[in-house]
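Here are my notes on the model you asked me to look over. Keep the viewer open while you read.

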Amino acid sequence: MTTLNKKILYINLANQTYETKLHDNYGKYIGGVGLGAKILNTIEKSEEASVSSEPIIFSIGPLNGYFPYASKTSVLFRHHNELKDHYLGGNLSTRIKFSSLDAIVIYGRSKEPVTFDILDETVIFHTGGVDLGSLGLPGKRSQISKKGEKYLLGDYFATVDDSLSQLLTNKNLQGFVITGTHTYDLPKSERYLELYNMMLSRIEEISVRKSGSPSCSGCPVGCFESSKGEEGGNLLAHSLVACTFAQKIYGDTSIVFSCLDVLGSGYTHEDIENFPKLVYDLLEELKK
Amino acid sequence: MGKILKATFKKNCIGCELCVFEVQRQLGKIGLEGSPIRVFREKGEKEKIVYTIGIDPSVNKLDVEKIEGVCPTMVFTIEDESKEANDYIE
């Protein structure tokens, strides 16, 4: 497996079309906020870019679905021209992974209220009343929908503030469902299971308490904080996309390299070491 | 004697899906498709999020002790096949 190519699903709400593109030059941005920043930068630099497209970029990293605590989805967008990097809990990251996608870009504005249903790389748009709960495949789906003024994932997981909800409302997007049915072969190396079990056993290093609350996919903690989402923070952890409370584990470049290496991702030590500056500089450019 | 995995304390489930991923690893894959265990989200009383767990009997051919052990909230128990049969007769 190589994670250097990035597969991105672009969804245009204005004309209700979509396309999937494979980018072979986004690999060094790894995933999550790094990949999101590269996508946003590319869109904004392109000749077709218009202010009204207002892209929202949901992106995951190479470890989502493979390792514990890599359980979040990065959401990058502009709100009143301010760059926002939010991180959403729940099960969205694994559904994107098992759709064989690295990111979903939602752009444009629908003239009428719209929802859509993603099954792997296929998108079906729905206008008029549709029960989102009836879409997707049970046990393999994830749903973002409006509850009052807020958009929640699975009626529970939110972002840190209302900016994403306001943007989704402006787009006339009522919500969406994604179902992932792809499976990947278990990495052949025995080291994979050793690493997985080692990381799972380090639960005491997660800097948040268990509370029996709904948990994110792949995280055994079940903390109260999971419902609140995250903003900003460690660039490497948020490119994987790991939980901020697992920073002791995913902030360690040697562990990150081991995880990526066992998946045959093709990254070098230098890629990982140079990565934070690469993404920091790109985010600073986007903030100008 | 055969072992049977049961979701005895499913009200404890926090929806982390570690059991699903463990089952799939034992089957040699990463993903959700074809898993003998599925976790479903339901809306309970007072909008509380509750989960239900669907178990296909084929899971009992796998290492059920490992599946029981990976759950952080001890949802699962393992019963002997003969006890299951006796319970049914009663």
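Predicted model: local features only at pLDDT ≥ 70, side-chain atom pairs only at ≥ 80, totals over all residues.

1. Let's start with how the two chains meet. On the chain B side, 23 residues are in contact with 36 residues of chain A. About 2,300 Å² is buried between the two chains, and carbon and sulfur atoms give 61% of that area. Arg25(B), Ile30(B) and Leu32(B) stand out here: they supply 28% of the area that chain B buries against chain A, more than any other three residues.

2. Take Asp155(A), which forms a salt bridge with Arg41(B); their closest N and O atoms are 3.3 Å apart.

3. Which elements of chain B give two or more residues to the side that touches chain A? They are helix 1 (18–26), strand 2 (29–31), strand 3 (37–43) and strand 4 (49–55). Strand 3 of chain B brings the largest share, five residues. By type, the residues on this side of chain B divide into 12 nonpolar, three polar and eight charged.

4. The chains also pair strand to strand. Strand 12 of chain A (residues 183–185) runs antiparallel to strand 2 of chain B, and three bridges join them. Within that pairing, Thr183(A) has Gly31(B) as its bridge partner.

5. Over to strand 9 of chain A (residues 141–147). Five of its seven residues are buried, so strand 9 is largely enclosed by the rest of the structure. Five bridges join strand 9 to the antiparallel strand 11 (residues 173–179) of chain A, where Arg141(A) is partnered by Thr179(A). Strand 9 also pairs with strand 10 (residues 150–153) of chain A, again antiparallel, over four bridges; here Lys146(A) partners Tyr151(A). Strands 9 and 10 of chain A form a hairpin with two residues between them, and Gly148(A) in the turn has a positive phi of about 70°.

6. Last, have a look at helix 7 of chain A (residues 253–262). Its buried residues are Ile255(A), Val256(A), Phe257(A), Cys259(A), Leu260(A) and Val262(A). What covers them includes helix 4 (190–200), helix 5 (237–240), helix 6 (247–250) and helix 8 (269–287) of chain A. Just after helix 7, Gly264(A) takes a positive phi of about 65°.

Definitions and conventions:
Residues numbered from 1 in each chain as written. Chains lettered and ligands numbered in written order. Heavy atoms only, no water. Buried < 20%, exposed > 50% of the residue type's maximum accessible area, 1.4 Å probe, protein only. Contact = heavy atoms within 4.5 Å. Buried area = accessible area lost by both parts, 1.4 Å probe. Salt bridge = Lys/Arg side-chain N within 4 Å of Asp/Glu carboxyl O. Nonpolar A, V, L, I, M, F, W, Y, C, P; charged D, E, K, R; others polar. Pairing = 2+ DSSP bridges.
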